[in-house]
Amino acid sequence: MLAGGQSLIPLLKLRFASPELLVDINNIPDLDYVVVDPDGAIRVGALCRHADLERSTLLTATQPTMAAAAPLIADPLVRNRGTLVGSLCHADPQGDWASVVTALGGHVVAQGPEGRRTIPVSEFVTGPFDTALATEEMVVEAVIPAPKGAPAGGYLKLERRVGDFATVGVAVAVEVAATKITRAGIALTGVGGATIEAVDAAQALVGEPLTADRIEHAGELAAQAAQPRTDHRGSAAFKRHIVRTFVVRLLDRVVDSREMAA
Ligand SMILES: Cc1cc2nc3c(=O)[nH]c(=O)nc-3n(C[C@H](O)[C@H](O)[C@H](O)COP(=O)(O)OP(=O)(O)OC[C@H]3O[C@@H](n4cnc5c(N)ncnc54)[C@H](O)[C@@H]3O)c2cc1C
């Protein structure tokens, strides 16, 4: 299946994939949307490009983690063609959207001959370049559930140069009511064989005010959840350090923006 082609075409060019048949979905009408439903859920169609999300005032107003990530995907050329849904389907451990959508507790809607089914993104990505999608299914949209509190958070990415894949990426998505965190999601890019959901780190924040101690603790738990390897982008210890630093930085920003520390 060909969406933006920004991952598939390089694979074909390098002869890592040689499909007998390519199904180009670009002429299917009405799949290029990003909308907020009346209940606050965000739906992103299969042909919504990274650039559509980057320019979306709707996201800036409603979803800070997605709004922060959109301009950090690749470079403008890739963002003009590549799609969020294609990125989820490609399941690259260094893909940024999988972490963002995982942190937000999102799901994809897959359509096949048997009809439609919903798959949480945390279960959709099953390993490097592998998903729970059946051969005859396509993903028609990704859905971010309606928040129950005020959404806050962001996405930080360490890259060797602008437009590069992540050495480390961290998505933090929290929902805040009064001074407490009512829901938290933290997910990590590029520090394991697939996107990593830092469940314990997120859980340590829920039901509590964001104190400096809790923020440090969440950073430590996220660093422990990472499974980085030493490579040309940096040592495993360095990457863990960046995970901890990014989690703390993003949560500090939530405190600063909302003045919600206990
Ligand atoms: C130079 C360069 C730099 C990049 N840097 C980054 C980066 O920093 N961060 C990042 O996250 N990504 C990066 N990418 C990848 C980019 O974001 C791609 O756009 C994205 O991974 C795939 O989206 P696509 O729409 O181009 O999918 P395609 O390339 O068309 O497809 C990718 C895979 O997903 C499948 N697929 C696509 N859509 C569907 C669907 N609706 N249903 C079922 N299967 C589908 C295809 O069959 C294929 O297997 C980079 C790419 C390039 C070329």
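Trainee: Which residues make the nonpolar surface patch of about 320 Å²?

Mentor: Met1, Leu21 and Val23 make this patch. A patch consists of residues with over 30% relative accessible area and no salt bridge, where nonpolar side chains (Val, Leu, Ile, Met, Phe, Trp, Tyr) are joined within 5 Å and like charges within 9 Å. Accessible areas come from the Shrake-Rupley method with a 1.4 Å probe, and for residues only the protein chains shown count as cover. Methionine 1 belongs to the segment before helix 1 (8–13). Helices (H or I, at least four residues) and strands (E, at least two) are DSSP runs numbered from the N terminus.

As to the source, this is a predicted model, in which local features need pLDDT of at least 70 and side-chain atom pairs count only at pLDDT 80 or more, while totals for chains, interfaces and linings use all residues. Residues are numbered from 1 along each chain as its sequence is written, and side-chain values use heavy atoms, with hydrogens and water left out.

Trainee: In what order do the five strands of the open sheet stand?

Mentor: Two strands pair if DSSP finds at least two bridges between them. Here the order is 1-2-7-3-4, with antiparallel pairing. Strand 1 (34–36) and strand 4 (115–120) are the edges; each has a single partner strand, so one side of each lacks a neighbour in the sheet. From one strand to the next, the twist averages 25°, with axes taken as lines fitted to C-alpha atoms (for helices over the stretch in contact) and angles running from 0 to 180 degrees between N-to-C directions. Three antiparallel bridges join strand 1 to strand 2 (residues 42–45), and valine 36 has isoleucine 42 as its bridge partner.

Trainee: How many salt bridges does a search of the whole structure find?

Mentor: Side chains of opposite charge can pair when their charged atoms come close. The criterion is a side-chain nitrogen of Lys or Arg within 4 Å of a carboxyl oxygen of Asp or Glu. The search finds 11 salt bridges. One of them joins arginine 79 and glutamate 54 at 2.9 Å, N to O. This pair links distant parts of the chain, helix 5 (residues 76–81) and helix 2 (residues 50–54), 25 residues apart.

Trainee: Is arginine 79 buried or exposed?

Mentor: Buried means under 20% relative accessible area, exposed over 50%, and partly exposed in between (1.4 Å probe, protein chains only). Arginine 79, at 8%, is therefore buried, whereas glutamate 54 is partly exposed at 31%.

A further salt bridge, at 3.5 Å (N to O), joins aspartate 164 and arginine 233. Aspartate 164 is in the loop between strand 8 (150–158) and strand 9 (168–177), and arginine 233 in the loop between helix 10 (212–225) and helix 11 (236–258), so the pair ties together parts 69 residues apart in sequence. Both aspartate 164 and arginine 233 are buried.

Trainee: Which residues touch the most other members of the largest nonpolar core?

Mentor: In soluble globular proteins, nonpolar side chains tend to be buried together. A nonpolar core is a set of buried Ala, Val, Leu, Ile, Met, Phe, Trp, Tyr and Cys residues joined through side-chain atoms within 4.5 Å. Among the 44 residues of this core, Leu53, Met66, Leu84, Leu88 and Trp97 touch the most other members. Strand 7 gives the most to this core, with six residues.

Trainee: How many residues of helix 7 are buried?

Mentor: Eight of the eight are buried, so helix 7 is largely enclosed by the rest of the structure. Just after helix 7, glycine 105 adopts a positive phi of about 70°.
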